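Biologist: I would like to learn how to read the inside of a protein model. Where should I start?

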Amino acid sequence: MAVFSQPAKAGSGVFVKGLDAFVTYDAGNEATTLSFTTQGKQFKAISLWFDNSVAIAIEDASGARTIVYREGAPTGVQGLPKIGFNGSTESRSNSYLIGVHDFTNNGNAELTIAVNDGRDGIAVFVLTFDGYSWKPIGKMITRGKGLGGCRVFRQALTMKDAAGTLYTWTCHGNTFDFLSSDKVNDPTVLY
């Protein structure tokens, strides 16, 4: 089971409820860190403002760092809408939650990176450690649909709109399936 150095806490800017542990970070502010253990290894997630956008790096116990999030998406992931960006510049009104939760139900925590633009856009990315590197396994994005926050429970992440439609991403193995209560089961309609 994963061990965390920060307890989950409530506070302003908490738009993802149910993570095992997290820190918040507002774009442009001083760096924040979250220390956690997964697969028996200790890591630190470091969030900082760099070159007009938020960058998130993972530092292992030896001090080696890997950038896992940059310019609005996990490293290496392209083609997704960016939340809170104007061209290549990120809005300093973006709020982040960087946390951990065992979505895969294997006793090891996955890293969760969530961004909220303060208006009507939320993106949540889930990354897993494969023993050597961090890989994205979940990409949940919404904007313009009135989905103000989300909840994590066991292996699922849910969002609900004002009309009561529930959108659910559930982790099975190392992938997330999407279902909505209105039977429109295409997550791209949310952006």
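**Cores and salt bridges**

Modeller: The largest nonpolar core here has 28 residues, and F36, Y96, I98, L111 and W134 have the most contacts inside it. Strand 12 (residues 121-129) gives the most to this core, with 4 residues. This is a predicted model: local features need pLDDT of at least 70, side-chain atom pairs count only at pLDDT 80 or more, and totals for chains, interfaces and linings use all residues. Residues are numbered from 1 along each chain as its sequence is written, and side-chain values use heavy atoms, with hydrogens and water left out.

Biologist: What is a nonpolar core?

Modeller: In soluble globular proteins, nonpolar side chains tend to be buried together. A nonpolar core is a set of buried Ala, Val, Leu, Ile, Met, Phe, Trp, Tyr and Cys residues joined through side-chain atoms within 4.5 Å. Buried means under 20% relative accessible area, exposed over 50%, and partly exposed in between (1.4 Å probe, protein chains only). Strands (E, at least two residues) are DSSP runs, numbered from the N terminus.

Biologist: How many salt bridges does a search of the whole structure find?

Modeller: Side chains of opposite charge can pair when their charged atoms come close. A salt bridge is a side-chain nitrogen of Lys or Arg within 4 Å of a carboxyl oxygen of Asp or Glu. The search finds 4. In one of them, R65 meets E59 at 2.6 Å, N to O.

Biologist: Is E59 buried or exposed?

Modeller: E59 counts as buried, at 13% relative accessibility, whereas R65 is exposed, at 57%. K44, E59 and R65 are linked in a network of salt bridges.
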